[in-house]
Amino acid sequence: MATVAELEVRTGRRAELALLGIAWVIIVLSRALVDYHADFLELAPLAIYGGGAAALMLACHLIIRRYAPSADPVLLPAVFAINGVGLAMIRRIDFAYAQYRGRETDFGAAQIGWTIAGVILAMAVILVIRDHRKLRRFTYTAGVVGLVLYLLPLVPGLGVEINGARIWIDVFGRSLQPGEFAKIAMVVFFAGYLVTNRDTLALAGPKILGLRFPRPRDMGPLLVVWAAALLLMIYQRDLGASLLFFGIFLGMLYVATQRISWVITGVALFGVGAVAAGIVFPHVRSRYDAWLHALDPEVYSSGTSEQLVRGLFGMASGGLFGTGLGQGRPDLVPYAESDFIIASIGEELGLTGLMALLVLYLIVVQRAFRTSIGVRDGFGKLLAAGLGFSLALQVFIVVGGVTRVIPLTGLTTPWLAYGGSSMLANWIVVGLLLRVSDQARRARTEASA
Amino acid sequence: MSEISITLLRFGFLILLWALVLAAIGVLRADLYGTRVTSRGRGREARRKADARTDKVAAPSRSATGIRTGSISTRDETAAHLAVTAGALKGTTIPLGSAPILVGRSPTCTLVIDDDYCSAKHCRIFPEDGGWKVEDLGSTNGTFLDNQRVDDPMPFKRGDKLRLGATTVELRG
């Protein structure tokens with residue numbers, strides 16, 4: 001027998017405002033440093049930028065105060081800070097391209113537009129979805145939508161192939177990456193599916209090496225998702241998305257059933273698939289070669305590992321404290337503004353700055369899991385855990401690829417890398433997490449009021 | 001700007017990034033929420049004894065912790081939430097409104113219990129005449145209110161212990 005006592009909850013809105021203040025200084029200072037080193041520093045544009053950022057952050061804060069008063073106070077400032085550093089870094093890379101390459105790019109301005117659109121979408125999610133449990137009604141709709149979004153790039157005439165990966169579609173002259181949105185739809189689908197079917201999936205089967213494995217006849221869903229992930233890898237040549245897709249399912253399956261044997265089975269299956277793909281498909285094998293023998297002169301001169309090695313050199317020249325914003329040479333790495341923004345940040349902010357960003361990601365993910373523990377309904381638990389895990393896995397795949405822990409794959413770093421679809425999709429994730437965390441903490445604040 | 005002030009700003013930016021990280025962690029430290037579960041007995045033997053006693057002895061130290069514990073008083077009929085005091089969900093509380101609460105293993109229940117000795121829809125706790133009542137929904141292993149089997153709706157007062165399977169729930173103020 002035990003006594004159960006409720007702990008009081010603070011809504012944390014004032015703490016959020018204070019943290020947003022620090023994030024705002026980071027956003028403005030990073031841009032000022034970049035502009036100063038490009039001899040571009042003028043007060044008026046900087047004031048407009050700072051004023052705009054302050055207005056956007058304050059608007060978010062007020063909307064949350066009014067419509068999600070118990071939402072998590074740390075989520076928003078952390079994401080704003082990551083996004084702000086990303087904006088400054090992309091602007092910095094624009095300057096570097098112009099200065100050293102004679103290449104006129106305007107990634108920075110475009111990314112500001114995507115950020116504003118993303119923040120508006122996140123707030124729209126909070127305003128439209130008043131109760132995340134309503135999403136459960138759209139379980140199978142979300143599954144179908146996710147599947148269609150994944151398949152869209154394969155439609156002839158609509159899909160565009162860029163750099164060997166067929167993951168973009170052409171909409172009004174802009175290329176969109178529907179896979180980013182499919183990720184969210186799939187998390188909703190898995191959450192709804194697993195919350196109703198977890199009892200069968202948790203049933204015990206044969207015992208092998210001291211571990212209870214699930215019954216073979218319950219393996220169906222796992223095999224279907226595995227096959228889908230493999231098809232994604234083969235037809236779209238998108239290793240990252242297939243790893244992310246399979247990983248999200250496996251992570252959520254583990255959260256739903258608490259059976260480590262699912263994870264072992266799944267990882268073994270994926271390992272088999274990855275090795276087989278490396279033997280059968282040359283483009284996968286060249287990725288593995290670039291990863292395992294990156295510094296081999298033969299592999300380097302063939303060009304497969306050039307980007308990876310340049311990124312490593314960039315981070316090495318950054319060292320512990322970095323060259324300083326605006327003082328490095330991030331333009332030497334291909335795709336420094338998108339796939340390799342982690343390397344650019346490692347170069348100019350050093351290990352210290354990169355670690356700070358990674359800890360901010362960690363905080364965001366931790367808040368998602370905390371929300372998952374706090375919220376009462378099973379669907380909300382799986383939704384929050386799935387969204388948090390998808391962010392964590394995505395950051396791991398990108399950073400792991402750039403730092404040669406795993407083979408390099410083309411995924412975007414959430415809120416940091418250049419890319420419209422990724423920015424919009426990940427801000428929608430923020431909106432969903434804020435909504436669920438409001439539900440998780442609201443009952444507590446009301447009960448103790 | 002001079003070289004030194006640029007260097008200072010460069011390091012100042014890194015310090016600022018970490019300031020945000022540490023401030024966020026500081027906020028998280030102050031943001032513990034949920035329930036605190038305090039075990040009353042020491043070990044299984046003591047716990048069994050505690051069960052056997054009618055449980056009216058509230059540990060005095062609880063008031064000193066400053067946490068609202070919802071003192072057990074049968075005079076005040078208004079209950080604000082349902083607390084699980086034993087079983088897999090120990091520590092869970094559900095705020096009580098005007099809606100009835102279904103307890104069982106089915107995911108459609110208000111309180112979903114993962115307990116092999118519970119039925120899919122085990123029992124229902126519902127408001128009536130300003131108080132709360134409990135009825136069994138034909139469960140296999142039965143619902144017990146203070147060790148008395150519940151068949152017809154019985155009044156469920158604050159401090160009463162409702163046992164279903166390995167789970168015990170209580171009404172709290």
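In chain A, 72% of the contacts with a separation of 6 or more are between residues 24 or more positions apart; two residues are in contact if their C-beta atoms, placed from the backbone, lie within 7 Å. The model is predicted: local features need pLDDT of at least 70 and side-chain atom pairs count only at pLDDT 80 or more, whereas totals for chains, interfaces and linings use all residues. Residues are numbered from 1 along each chain as its sequence is written, and chains are lettered from A and ligands numbered from 1 in the order in which they are written.

**Chain A**

Chain A holds 15 helices and six strands; helices (H or I, at least four residues) and strands (E, at least two) are DSSP runs, numbered from the N terminus. With a radius of gyration of 22 Å, close to the 22 Å that the globule rule gives for 449 residues, chain A is as compact as a globular protein of that length. This radius is taken over C-alpha atoms, and the rule is 2.2 Å times the number of residues to the power 0.38. Along the principal axes, the C-alpha atoms of chain A fill a box of roughly 65 × 60 × 45 Å. Of the 449 residues in chain A, 53% are buried. A residue is buried if 20 or more other C-beta atoms lie within 10 Å of its own, exposed if 12 or fewer, and partly exposed in between, with C-beta atoms placed from the backbone.

Helix α14 (residues 378-402) of chain A has 25 residues, which at 1.5 Å a residue should span 36 Å; the end C-alpha atoms are 36 Å apart, in agreement. The expected span is 1.5 Å times one less than the number of residues. Since 21 of the 25 residues of α14(A) are buried, the helix is largely enclosed by the rest of the structure. Arg404(A), which follows α14(A), has a positive phi near 70°.

Val119(A) lies in helix α4 (residues 107-128) of chain A and is buried, with 23 other C-beta atoms within 10 Å. Leaving aside residues up to four places away in sequence, Val119(A) touches Leu56(A), Cys60(A) and Trp427(A). From Glu42(A), Val119(A) is 77 residues away in sequence and 26 Å away in space, C-alpha to C-alpha.

**Chain B**

An open sheet of six strands, antiparallel in its pairing, has the order β3-β2-β12-β11-β8-β9 in chain B. Its edge strands are β3 (93-95) and β9 (148-149) of chain B, each pairing on one side only. Two strands pair if DSSP finds at least two bridges between them.

| Strands | Bridges | A pair of bridge partners |
|---|---|---|
| β8(B) (143-145) and β11(B) (161-164) | Three | Leu145(B) and Leu162(B) |
| β6(B) (123-128) and β7(B) | Six | Arg124(B) and Glu135(B) |
| β7(B) and β10(B) (154-156) | Three | Trp132(B) and Phe156(B) |

UniProt, in an unreviewed entry, lists residues 101-150 of chain B as "domain: FHA"; its positions are given in the numbering used here, feature names are shortened, and annotations may be inferred rather than shown by experiment. Over residues 101-150 of chain B the chain is 0% helix and 46% strand, with the end C-alpha atoms 16 Å apart.
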